[in-house]
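I opened my notebook to look through this structure piece by piece. Here is what I looked up, in the order I went.

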Amino acid sequence: MGARTGPAHDRSRQLHRRTVLRGGLLAAVGVPLLSACQTRTHDYGELRIPTPENPIRWPLSKKYPIIESGLKPQPGSVLRIYNYADYLSPKMMKDFEAQTGVDIHLSTFNDADEALTKIASGNLGFDLYFPSYDSLGKLIQAELLRPLNQDYLTNAKNLWHSFDNPWYDLGSRYTIPYTIYSTGIGWRTDLADVNLSQYENPFDVFWDTQYTDNMAILDDWHTAIGMVLMRNGVNDLNTTNSKYLEEARVALLDLRKTMNPKVTIQMYTDMPSGQYGLAQFWSGDAINMPYYLPKKTPVDILRYWFPPDGVGEIDNDLVVCLGQGSNPVAAHYFMNQILDVTSAGQNFGFTGYQPPLKQFTPSDLVKQGYVPENLATAVVQESDFKTGLPLLQLPVTAENEYHQIWQEFKSGG
Amino acid sequence: MAEVETETDRPVPDELEESQASRRRGAEPEPQKGVGSRWLWGGLALPGIVWLCLLFIAPLYVVLAIIFGGIDPILRQPVPVWNPLDWDFSQFNFVMGRIFGPDPYFRPAMIRTVAYVASASLICLVIAYPVAYFTARLAGRWKGLLLAALIAPFWISYMMRMLAWVNLLQTDGLVNKTLSAGGLFNVHYAWLQGHSTTVILGLVYGYVPYMILPLYAGLDRAPTAMLEAARDLGASRFQTFYRVTWPLTRTAVVVSLLVTTLPMLGDYFTVDLLSGSPSNSMIGNLINNSVLTPGETGQAGAFVLIVLVVSVIPMFIYLRSTRSGTDIAV
């Protein structure tokens with residue numbers, strides 16, 4: 001008690017009052033100072049969304065001009081690449097370093113949202129980024145990209161004709177295609193006795209309780225919700241219909257409660273190591289699985305399914321040159337190397353993701369041993385892009401709805 | 001009758017000075033109040049105040065400016081609003097509504113976090129206390145070696161230690177093989193397929209070294225004489241522990257619990273690596289998911305604020321505990 005009374009206690013009370021007064025003074029001075037810090041706001045005008053039915057020729061950036069022709073990369077300079085993990089051949093990068101004297105610094109991300117968040121956060125200085133076309137419009141309208149100088153991209157002649165003038169970037173002003181892939185179902189026959197023909201809709205397999213605790217879905221909100229929409233019989237994977245989205249939400253929550261799925265993008269290593277037997281898969285990861293199988297495990301236990309009529313999720317990733325980078329010349333040289341047949345072959349061998357180059361005909365990929373026979377269904381045909389269902393950029397309100405569904409699913413509530 | 005003070009009763013000047021000095025010693029001399037002294041103490045506090053402002057108050061204000069700020073219309077990135085008068089509470093209210101409202105889908109993750117952290121902390125304590133006790137009191141000449149062994153986990157990053165467990169816990173991994181006892185049993189338990197047990201054990205494994213060290217420090221400082229006195233006065237081993245050792249180390253226990261529970265509250269990595277299932281999501285995962293989702297960064301800030309407020313409670317307990325510890329010592 002004695003310690004709480006008397007002058008010492010009074011002193012502490014006085015000190016307390018003084019502290020409060022000081023705090024008030026600080027706030028009175030500090031708040032106007034802080035409010036003087038300008039809040040960054042952007043006026044982008046109307047949001048434009050490219051679709052196959054509504055192709056877009058993007059205007060050239062005013063902020064980042066096209067580089068001049070005939071320049072050479074500076075030896076000793078650094079090329080900063082921002083990409084998914086295991087999505088670029090180390091040998092290809094080393095060869096490029098040896099040829100040009102440029103040092104490559106590779107940083108990785110887990111999903112496109114994370115990448116966009118970091119790119120938009122400021123000057124991280126990345127030169128090259130590998131987006132899908134569902135975020136291309138945002139990147140261009142936010143003036144984060146540098147238009148390409150086609151003079152440096154001499155290997156673009158190797159591309160499939162369907163990529164000469166793509167709907168998402170008419171005139172290929174900002175992009176080159178990187179890889180093409182489908183999204184389907186993968187499984188190990190020794191860990192999951194899957195017979196897709198027994199289901200009215202093959203995607204019902206993800207709700208079959210015999211695979212509870214033995215499955216995974218992709219940690220990518222649009223890809224995963226797209227699969228649920230297809231399971232519900234909705235082939236518009238970019239729907240803004242609230243009824244369809246509510247049905248997708250219910251199905252997704254049901255999936256979590258009954259199946260306890262792992263949500264990851266590491267299925268290409270998890271499944272070969274035997275963590276689970278069934279998963280939603282990107283075709284490139286399916287092709288890559290044999291590489292990660294334990295030595296004595298036969299490759300023929302692996303399977304991949306994509307709708308035989310070609311009506312399924314089909315996409316391609318791109319390479320873009322970011323305006324925030326300081327080495328656009330080396331970036332152009334590297335983009336051209338990606339389109340080189342030898343380099344593309346090396347890259348395909350490492351990543352499993354198919355380049356849309358004329359020299360890589362689907363039938364040859366199996367014959368040449370790039371893809372094992374039992375995973376031939378993972379090879380993407382040029383015709384798949386006519387029947388396939390692309391994941392497009394969404395209007396802001398709809399994207400929020402998708403995100404909210406995904407958030408509820410992932411929070412485990 | 002008035003008392004007569006004799007010559008011998010009156011203290012001589014030297015004795016008076018000594019007794020006054022001893023009284024002053026006993027009564028803690030008042031610190032000097034000169035202007036120079038005040039500036040000296042203020043100056044010594046300055047680095048700490050600057051540190052606090054730069055690394056706590058300023059970041060906290062940034063978090064608030066983001067939680068109550070705006071969102072870029074296309075990129076969906078947070079746009080901090082620095083002026084509190086312009087703050088928008090919709091993101092914060094959204095999070096609160098999903099915790100306390102009619103559709104509380106964030107609530108299970110909150111409850112799960114408390115359950116996981118409490119279980120893991122308790123298990124950590126049960127493991128760490130005997131280990132620290134043995135090292136501090138009974139290890140003898142092995143004390144140095146044991147201490148080195150206790151510090152060894154700090155040399156390996158948390159991520160690497162967790163990744164090691166991913167390999168061990170795979171369905172055909174070493175743990176299941178060991179449990180199979182050479183084929184005697186058929187064990188194919190999917191440890192990594194979203195089980196609370198795996199997550200809690202992962203947390204225990206990850207954080208137990210952080211608990212052992214403060215406990216060791218507390219036990220090592222406990223005066224042996226007091227323990228011996230308790231035994232000499234007839235207390236049994238259990239009574240000695242319960243009535244002397246435990247009270248003496250209670251502050252160390254609180255510190256060690258704080259050192260482990262606070263980082264556990266924000267942990268998301270353990271769930272990501274050892275489970276990957278939404279069924280095991282903790283508040284750290286909600287923060288991580290929101291930070292990485294365009295348009296939801298403000299919600300991440302709201303979760304951070306919740307963790308901060310919840311963290312204050314154990315901190316308050318700690319402060320009370322250390323204060324009562326001082327009282328005992330005095």
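**Entry 1: overview.** I reminded myself at the start that this is a predicted model. For chain A I counted 13 helices and 9 strands. I then looked up burial and found that 47% of the 413 residues in chain A are buried. Next came the contacts between residues at least 6 apart in sequence: in chain A, 78% of them join residues at least 24 apart.

**Entry 2: domains.** I looked up the domain assignment of chain A, which gives domain 1 as 78-179 + 316-372 and domain 2 as 181-313 + 391-411. Their C-alpha centres lie 26 Å apart. How many residues of each are in contact with the other? I found 13 residues from domain 1 of chain A and 14 residues from domain 2 of chain A. On the domain 1 side of that contact I noted 3 nonpolar, 7 polar and 3 charged residues.

**Entry 3: strand β9 of chain A.** I wanted to know how many of the residues in β9(A), 313-321, are buried. The count is 9 of 9, so the strand is largely enclosed by the rest of the structure. I checked the faces with a general point in mind: side chains in a regular strand alternate between the two faces of the sheet. In β9(A) both faces are covered. One side has E313(A), D315(A), D317(A), V319(A) and C321(A), and the other has I314(A), N316(A), L318(A) and V320(A), all buried.

Which strands did I find paired with β9(A)? Strand β4 (residues 175-188) of chain A runs antiparallel to β9(A) and is joined to it by 8 bridges. Along this pairing, V319(A) of β9(A) stands opposite I176(A). Strand β3 (residues 128-129) of chain A also pairs with β9(A) in the antiparallel sense, over 2 bridges. Here I wrote down Y129(A), whose bridge partner in β9(A) is V320(A).

**Entry 4: helix α8 of chain A.** I went on to α8(A), residues 283-292, where 8 of the 10 residues are buried, so this helix is largely enclosed by the rest of the structure. The buried ones are S283(A), G284(A), D285(A), A286(A), I287(A), N288(A), M289(A) and P290(A). What covers them? My list includes β4, α7 (267-270), β7 (278-282), β8 (302-305) and α10 (341-351) of chain A.

**Entry 5: nonpolar cores.** The largest nonpolar core has 110 residues, and L128(A) and I225(A) touch the most other members. This core draws at least three residues from each of domain 1 and domain 2 of chain A.

**Entry 6: chain A against chain B.** Last, I looked up the contact between the chains, which takes 41 residues from chain A and 36 residues from chain B. On the chain A side, the elements giving two or more residues are α1 (6-36), α3 (112-120), α4 (136-141), β6 (262-264) and α13 (396-411). Which element gives the largest share of that side? I found that α13(A) does, with 8 residues. By class, the chain A side has 13 nonpolar, 19 polar and 9 charged residues.

Note on methods: Residues are numbered from 1 along each chain as its sequence is written. Chains are lettered from A and ligands numbered from 1 in the order in which they are written. This is a predicted model: local features need pLDDT of at least 70, side-chain atom pairs count only at pLDDT 80 or more; totals for chains, interfaces and linings use all residues. Helices (H or I, at least four residues) and strands (E, at least two) are DSSP runs, numbered from the N terminus. A residue is buried if 20 or more other C-beta atoms lie within 10 Å of its own, exposed if 12 or fewer, and partly exposed in between; C-beta atoms are placed from the backbone. Two residues are in contact if their C-beta atoms, placed from the backbone, lie within 7 Å. Ala, Val, Leu, Ile, Met, Phe, Trp, Tyr, Cys and Pro count as nonpolar, Asp, Glu, Lys and Arg as charged, and the others, Gly among them, as polar. Two strands pair if DSSP finds at least two bridges between them. Domain bounds come from an automatic or database domain assignment. A nonpolar core is a set of buried Ala, Val, Leu, Ile, Met, Phe, Trp, Tyr and Cys residues joined through C-beta atoms within 7 Å.
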